[in-house]
Amino acid sequence: MATFDQTLLQACAESTLNGTLPFPEVIQRLSPSVEQYHVDLIRLEMTYYGHQGQSFVYRLSLNELPAIANQLDLVAFQTALKASQRGEISYPTFLQQSMAAGVSSYFVFLSGRLAIYVGRNGAYSVEPFPAQP
């Protein structure tokens, strides 16, 4: 297993937020040392979990955030997700649109190659990683 490098994790988080590192590259960089990560949109934190039980919390610095809707609107969320996957919107914009659609947190499972997006009332959407080109 690769070393759980908090400097790398912080760099990946910052590059994701500023749009300089696309999702497939993030996964490639994280996979050797990270098993999964959780994005908490209520607390505005991203927590990385290592293969050996390590963890690292990165505080998300985002501006102009909408309130998280009470109900998960799967159509609105899917629209934001597909736009993000096509590179049409930035990661912060994806987070804003996801929050407006009712996503309060999500989990990314690197080895399982999927993400689970969760709403305030437990409604969820399981999304496999996009196919590699």
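**Exercise 1.** Determine whether Arg86 is buried or exposed, and identify which residue meets the side chain of Arg86 in a salt bridge.

*Solution.* Step 1: Arg86 has a relative accessible area of 55%. Step 2: buried means under 20% relative accessible area, exposed over 50%, and partly exposed in between (1.4 Å probe, protein chains only). Arg86 is therefore exposed. Step 3: the partner is Glu88, with an N to O distance of 2.8 Å; a salt bridge is a side-chain nitrogen of Lys or Arg within 4 Å of a carboxyl oxygen of Asp or Glu. Step 4: Glu88 counts as exposed, at 52% relative accessibility.

The model is predicted: local features need pLDDT of at least 70, side-chain atom pairs count only at pLDDT 80 or more, and totals for chains, interfaces and linings use all residues. Residues are numbered from 1 along each chain as its sequence is written, and side-chain values use heavy atoms, with hydrogens and water left out.

**Exercise 2.** Locate Arg29 and Glu25, and classify the exposure of each.

*Solution.* Step 1: both residues belong to helix α2 (residues 23-30), helices being DSSP runs (H or I, at least four residues) numbered from the N terminus. Step 2: Arg29 and Glu25 are four residues apart, about one turn of the helix. Step 3: their closest N and O atoms are 3.9 Å apart, in a salt bridge. Step 4: Arg29 is partly exposed at 42%, and Glu25 is partly exposed at 34%.

**Exercise 3.** State how many salt bridges the structure holds, and describe the one formed by Glu45.

*Solution.* Step 1: the structure holds three. Step 2: Glu45 pairs with Arg43, the closest N and O atoms lying 3.1 Å apart. Step 3: Glu45 counts as buried, with 17% relative accessibility.

Definitions and conventions. Helix = DSSP H or I, 4+ residues; strand = E, 2+ residues; numbered from the N terminus.
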